[in-house]
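Open the model in your viewer and keep the selection tool at hand. This tour tells you what to select next and what is there.

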Amino acid sequence: MVRVKGEGIFLKGSSILWIGGLAGAALAAGLLLLPKRVEDRVYRIGWQEDDPNMFTGPDGKPRGLGPELIIEAARRRGIRLQWIYCPNSSANSIRSGKVDIWPLLTVLPERRPYVHFSSPYFRNYITLVVLPSSPVKSLADLAGKRVGHHDLPINSNRIQLLAPNVTGVPHHSVTEGLAELDAGTVDALLIDELKLVAALMDGTGLPGKSLRVLPLNLPPAELAVAGSFQSAAAVEALRDEIENMSIDGTVDRLLYGRGVTTRREIGDLTAIVHTTRQVRIMAFALGFAAFLAVLGAALALAYRRQRNSSRRAETARRNAERNLRHVTDSLTEMVLAFDMDRLLLYANPALERLTGYSAEELRQAGYIEWCHPEDAARMKAHWEALYLGQEFSAESYRLVRKDGQLRQMLASWGPIRDERGRQIGVRGSERDITDLTDALAEMRLLAAAVAQATDAVVITDSTASIQYVNPAFERVSGYSAAEVLGGNPRLLKSGAHDRDYYAKMWSCLQSGQPWAGQLTNRRKDGSLFTEHCTISPVFNDQGRIERFIAVKKDITQELALEEQVRQAQKMESIGKLAGGVAHDFNNLLTVISGNVLLAQRHISSENPASQRLQRVVEAADRAADLTRQLLAFSRKQPAQLELLDLSAVILRLEPVLSSLTGDTIPIHFEFDPQTPPVLMDRSHLQQVLMNLAVNARDAMEAGGLLTIRTRGRKGFAILEVADTGHGIEPAIADRIFEPFYTTKEPGRGTGLGLAVVYGIVTQSGGRIHVESEPGQGACFSVQLPAGNGDTATPEVETPAAPAPAQATILLVEDQPEVRAYIAEVLRINRYRVSEAEDATSALALARSLPSLDILLTDLSMPGMHGIDLARQILQLHPKAAVLCMSGFAGELPASEFPLLQKPFSPDALIHALNQL
């Protein structure tokens, strides 16, 4: 190429005119006389799914407007075609060399550098449709709306021209787009007029429904035959033949006869090609005439403008290069270019910033291996493919900087071609995505944490439509993600909260504040559960609420445990109260029964007062039994094993059992005289009976019959408690003895009654079994090991033996009445008695006494416990015996000192002293 600048070679004006005239004449003759030729070869031509322009027919071959015309034109012109299905971008298929020709492609300026277009032969009109009921009346109403469009880049660009903040929703077919419009997924549909008509005609549109068209001021897209620059001759030949077909009527017979398109589109196509033909002929004639007219003047002036034009061109080229360099130098991405000899042509400053290598180092090395070893083979294969005309985009790899630091890169490379389509090098851009990759890794970690969290997580949009639930939600609620996505959280609503509760919650959330509280919801199986819920609004960049995130913890078990703890604490409080009442009550009974017994000794049995006093003694004994039962209830009574007659214990407890069951539930007793005695604590046995009776009573709310039986079998005493209540469901039969398990309504039971029975029976070496059917009542059978011996412990007291003469006793009792009664009994039985009302006076007396035989002390006294007092007095009188008294013996250390339980008779007191 010769550049003319400065002092060059100049031609005379006349010579230029003659040469120009001859060249023009030769050019015109060549254009008119030389026939167009097509190389004798097979051209690869592509098609894709773009109904009705082109689509795959039932036979698997291409059909539609473009393929039908091209197939007929190729047949008439004798061009051989090989059809190749290309589901990806049509332009990229030509650019990559996969195909040579494309039958119908939209003419776009950005495609011209690497695609050859024929003259357009069809126009593609774009229309915008909405449903008749849509509030969208004009383009201005589309602001912020969702508009569906065919999944092509050109349509994505068109969407941005419609109105501000329009969101494009791509679809793959006209049928899919119309279905989304009908379903309300999109507010409007941007669609080719031809495709819309075809869909409505063949019934794949919206049967029985109409559409409203909005005015749209978009120019129609022009479509032409396209191909690579090497296939330009074949492209033009096919276009010319389509023009001939429009003239002789073949287009009309071919397309309309086969139902490929409508009369309107055929007329439009014919008008375009006719107009193009006429314009070309007129343009050629006018151009040739103008050429002859102005050639002389143009050539005459050319030599004078040549120098200025060259200078301006050089200046423009330099300005363009400078502007381009300014743009590429400012990019954060690395931009590189190599020639076909793999020598560096250009590298922007981002190269050194991202890799640590300078452009000079890269130029000298030719190619620097900066890929991580694990990615090197894959990227090397891509690099070699570039020089074969291929390209790749968005390929991720790890770059090792010169300083050894690892960066994550995203590379896109492709060939550089000249104006004739020949490859002259390769160019690419690479972006550092390390921060983005790290952010994505953090997001994946967060997503994994949410997915594996034990708390349920629910994400909704601003209208409370569920967008995401984690596996914990599925486990807690019983609903799968597929069942709730797109739904509303109200599907869990249990009715436990009123409208005001939810109204306050939503008022808080809509004000932008998080809400926290408890919700009682209903699982899929109908069961209720309680969860502590924290709901937080999420805002977008404009400060509007975009979605809500709820984190919900199932606290059903925690609440149940809290209730159980409260029940246990209540039982503990009742037990302490029962123990305190029993202590004071036993002191009173000691005074009453003791003094009555002393009074009886001074009255003959024939005296009427004697019988009245005996009734007082019997009443006091029953009161003592009630006190023992109260202590058994509080579980503060120490185990005192006795050989007990089951029948006798049950009969003595009959008044208590009758008061528990009430008038509507009579008790029937069946006692087998052959039932052996059992060795166990009397209060424990009484507690077993009372708990089983209460359980039976609760099972017979409408009344019934309670039966208590005793019998013997193979070394066991059998106690059976049967009711006629509602029975026990098989599903819960294995759980009735679990602590805190109850089927009663909240507030009606602690779930401890049967658990206590089970514990007492098993600790006594026995077993408990229940037989029941729903609606047929239940029978609890308790098997207790028979005790050693033939008879149970007698219920009468053994008369006391005579007291030792002149024994010294220190009596310590804080209750004056009790102390006076005990002192009188001791003196009647010839004991020397020293009385003390508290521990302080008792210690003072002990120090003053020369000797002490017996310390008789109460356990519960102000100032000092009776055990501590006994230990101190034994330090003063080591040989003294100790007998403790208590109306409540729960705090007595096991086996340290003998214990006399209040109330006691005079004989029981003397008998206990004689046992020391």
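**Stop 1: paired strands**

Select strand 8 (residues 126-130) and strand 11: they run antiparallel and are joined by four bridges. Strands pair here if DSSP finds at least two bridges between them. Strands (E, at least two residues) and helices (H or I, at least four) are DSSP runs, numbered from the N terminus. This is a predicted model: local features need pLDDT of at least 70, side-chain atom pairs count only at pLDDT 80 or more, and totals for chains, interfaces and linings use all residues. Residues are numbered from 1 along each chain as its sequence is written, and side-chain values use heavy atoms, leaving out hydrogens and water.

Pick leucine 128. Opposite stands leucine 190 in strand 11.

Strand 9 pairs with strand 11 in the parallel sense, over two bridges. Glycine 148 has leucine 189 of strand 11 as its bridge partner.

**Stop 2: inside strand 11**

Is strand 11 (residues 188-192) enclosed or open? Five of its five residues are buried, so the rest of the structure largely encloses it. Buried means under 20% relative accessible area, exposed over 50%, and partly exposed in between (1.4 Å probe, protein chains only). Color the two faces. Ala188, Leu190 and Asp192 lie on one side, Leu189 and Ile191 on the other, and all are buried.

**Stop 3: threonine 127**

Go back to strand 8 and select threonine 127. Its relative accessible area is 7%, so threonine 127 is buried. Which residues does threonine 127 touch, not counting those up to four places away in sequence? They are Leu189, Leu190, Ile191, Glu193, Leu196, Val213 and Leu216. Contact means heavy atoms within 4.5 Å.

**Stop 4: helix 2**

Select helix 2 (residues 65-77). At 1.5 Å a residue, its 13 residues should span 18 Å, and its end C-alpha atoms are 18 Å apart, which agrees. The expected span is 1.5 Å times one less than the number of residues. Buried residues in helix 2 include Leu65, Pro67, Leu69 and Ile70. Glycine 78 follows helix 2, with a positive phi near 80 degrees.

**Stop 5: a nonpolar patch**

Finish on the surface. Select Phe585, Leu588, Ile592 and Val616: they form a nonpolar patch with about 330 Å² of accessible area together. Helix 17 (residues 556-600) gives the most to this patch, three residues. Phenylalanine 585 sits in helix 17. At 34% relative accessibility, phenylalanine 585 counts as partly exposed.

Terms used: Patches are made of residues with over 30% relative accessible area and no salt bridge: like charges are joined within 9 Å, nonpolar side chains (Val, Leu, Ile, Met, Phe, Trp, Tyr) within 5 Å. Accessible areas come from the Shrake-Rupley method with a 1.4 Å probe; for residues, only the protein chains shown count as cover. A salt bridge is a side-chain nitrogen of Lys or Arg within 4 Å of a carboxyl oxygen of Asp or Glu.
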